[in-house]
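Take a moment to look it over, and then read on.

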Amino acid sequence: MAITYLKRGKSEADRKGDASKVRETVEATLTDIETRGDAAVRDLSEKFDSYTPPSFRLSPSEIEALVQKVSTRDMEDIRFAQAQVRRFAEAQRASMTDVEVETMPGVILGHKNIPVQSVGCYVPGGKFPMVASAHMSVLTATVAGVPRIAAATPPFKGEPNPAVIAAMHLGGAHEIYVLGGIQAVGALAIGTETIDPVDMLVGPGNAFVAEAKRQLYGRVGIDLFAGPTETMVIADETVDAELCATDLLGQAEHGYDSPAVLLTNSEKLARETLDEIDRILKILPTANTAAKSWEDYGEVIVCDTYDEMLDVANDIASEHVQVMTDRDDWFLDNMTSYGALFLGPRTNVANGDKVIGTNHTLPTKKAGRYTGGLWVGKFLKTHSYQKITSDDAAAEIGAYGSRLCLLEGFVGHAEQCNVRVRRYGGRNVPYGNAAE
């Protein structure tokens, strides 16, 4: 049994980089937004995006004008993608039912799934206008029944991106702001003179947006702590190097720090994939980004057995895990830590990112060990309730509660139970004593 690294990426310590600088910048910026409100937001937008319109919120007529700029073919594609996302989100929502059960005669327990009342959906637009992110956040919140959805996206090359705005609008956004970065998530969470605060922030973003969400967590809810895009390809000799290399580089083009890992039990496939990556990087238009990401964060790991591959994959807990082997369903049955699985050579992460219907906002940095990604359930709060409907049940539960409260030393708690035992059970319980 052996695990061999033909290529290693930077260590976790190397990846921390300027984290402290980012943290300090974000903290100061959020304080500025809280202190100066709209004035701070406007200054930040001018500084980082050179964009200061009369209002960051688009009017209905401005939204309609931007939608009209989207080509017929692009609108058809956006509608198709949203139909897939909606179908899957609706199926997920249908699986989440309210519960009410009578656990003993006269004792009724239940829970209700209640939508978060206001959500801020951030759709990034740094290197690329992230049209698909609007489907994943805005549309999913709509299916969950969120009554107020405020969506924000930065200007793209100095103007609102028509396709992103169209996707937000079709997805069901009630408010659309052309606003990016810390100023967008900060304004949505904190509130300003013209932007009402929300209860929850969702959506990916750069390191500053991610840090802002981290600092705002608790003040508002968030979907998850997101880092750079990660991808892992688990492959054996049932597939070839072109597929593996294409799928690794397809995600490495996201940014300069996007980990991409090939995990295989075939050294032959591993070495051929390394050669194929070199070939593709000579012709890939986004090679400047993908090559840097691959150089610094790409890894090729060769294992002896499928069990070893499974152990390594669960330990890395990658955001996207593409499985192309002779036993894809075995990995589905046994993988426990990941963001999303993409099974078989016909499936790929790009489809998941853009159109297939599952959500692409997924856990990174090993968070797949304890959470899944954004889905309709993230926008729902499950609240329990209790109801006792008979005197006998009130007295019986009360007696147990009295004794258990005093076991912990809570006399006031016990009296809450005792007063019910006396009133509904007709039993004389001395004050501060346990019910018999």
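Domain bounds come from an automatic or database domain assignment. On that basis the chain is divided into domain 1 (19–95 + 112–223), domain 2 (228–373) and domain 3 (390–435). The C-alpha centres of domain 2 and domain 3 lie 59 Å apart.

A word on the ground rules: this is a predicted model, in which local features need pLDDT of at least 70 and side-chain atom pairs count only at pLDDT 80 or more, while totals for chains, interfaces and linings use all residues. Residues are numbered from 1 along each chain as its sequence is written, and side-chain values use heavy atoms, with hydrogens and water left out.

**The sheet**

Helices (H or I, at least four residues) and strands (E, at least two) are DSSP runs, numbered from the N terminus.

**The core and M168**

A nonpolar core is a set of buried Ala, Val, Leu, Ile, Met, Phe, Trp, Tyr and Cys residues joined through side-chain atoms within 4.5 Å; buried means under 20% relative accessible area, exposed over 50%, partly exposed in between (1.4 Å probe, protein chains only). Of the 67 residues in the largest such core, V119, M168, L179, L201 and F379 touch the most other members. Helix α8 (residues 181–190) gives the largest share of this core, 7 residues. Another core, of 23 residues, lies apart from it and includes A245, L248, L274 and V302.

Where is M168 found? M168 sits in helix α7, and it counts as buried because its relative accessibility is 0%. Contact means heavy atoms within 4.5 Å. Beyond four places in sequence, the contacts of M168 include V123, A134, V138 and I176.

**Helix α16**

Among the buried residues of α16 are A393, G398 and C405. The buried residues of α16 pack against β3 (107–115), β14 (380–388) and α17 (411–425). Just after α16, G409 takes a positive phi of about 90 degrees.
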